[in-house]
Amino acid sequence: MVRIGTARALVLTGLTQMLSNLMYVALAHAGHDMPMLWAQVGVENFTDGLADAAFVTYLSSLTSRAFTATQYALLSSLAAVPLRTLGASSGSLAEWLGWADFFLLTTFAALPAMGVMLFLLARLPPARRHPPEESSALPASES
């Protein structure tokens, strides 16, 4: 994230996390295949970890230093609302569609979220934090 910036990291990790759902489709077609399950779990955890780091960095950039904990708690709770509300019905939908089609649907369902993220990044860009520059001046006692 330091090299590519928070906004690019959010977009890149959002895409990889969205595409990681296709590993579930491959797993559904592979059947009882333990190496495929291990690959899917690895890809999912890797992409989730990267996306979480980018998301925490972005939310932290939106908060005021004086109220960081409160504002971060509020923003992260609001981000979890769709997961908690829509996630409750996902089992019935997966049963009706079948696993492969369900995870294809979740992959495509992430596209509007990516659009919202791009909109928010344009409206609320992450704060740019520059590392402190090294001073070449000698301390006052040595001048």
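Visitor: How do the residues lining the largest pocket divide into nonpolar, polar and charged?
Guide: This is a predicted model. The lining has 27 nonpolar, 10 polar and four charged residues.

Visitor: What volume does the largest pocket have?
Guide: About 1600 Å³. The lining counts 41 residues. Closest to the pocket centre are Gln17, Ala79, Pro82, Leu83 and Ala113.

Visitor: Which helices supply at least two residues of that lining?
Guide: H1 (6-30), H2 (34-62), H3 (68-86), H4 (90-97) and H5 (99-123) each do.

Visitor: And which helix gives the most?
Guide: H5, with 12 residues.

Visitor: Switching to packing. At what angle do the axes of H1 and H5 cross?
Guide: Roughly 175°, and the axes come within 8 Å. That angle makes H1 roughly antiparallel to H5.

Visitor: Which residues meet there, H1 against H5?
Guide: On the H1 side, they include Leu10, Val11, Leu15, Met18 and Tyr24. On the H5 side, Phe103, Leu104, Leu111, Met114 and Leu118 are among them.

Visitor: What classes of residue make up that contact?
Guide: The contact of H1 with H5 has 19 nonpolar and five polar residues, and no charged ones.

Visitor: New topic: rings. How many aromatic pairs turn up in the whole structure?
Guide: Four.

Visitor: Why does the pair of tyrosine 24 and phenylalanine 103 count as stacked?
Guide: Because the ring planes of tyrosine 24 and phenylalanine 103 are at 10°, and under 30 degrees counts as stacked. The ring centres are 4.3 Å apart.

Visitor: Where do the two sit in the chain?
Guide: Tyrosine 24 is in H1 and phenylalanine 103 is in H5.

Technical notes: Residues numbered from 1 in each chain as written. Predicted model: local features only at pLDDT ≥ 70, side-chain atom pairs only at ≥ 80, totals over all residues. Heavy atoms only, no water. 1 Å grid on protein atoms, 1.4 Å probe; cavity = no way out; pocket = protein on both sides within 12 Å on 5 of 7 lines; lining within 4 Å. Points joined across faces, edges and corners; volume = space filled by probe spheres on them. Helix = DSSP H or I, 4+ residues; strand = E, 2+ residues; numbered from the N terminus. Nonpolar A, V, L, I, M, F, W, Y, C, P; charged D, E, K, R; others polar. Axes fitted to C-alpha atoms, helices over the stretch in contact; angles between N-to-C directions. Parallel < 35°, antiparallel > 145°, perpendicular 65-115°, else oblique. Contact = heavy atoms within 4.5 Å. Phe/Tyr/Trp six-rings, centres within 6.5 Å; stacked < 30°, edge-to-face > 60°.
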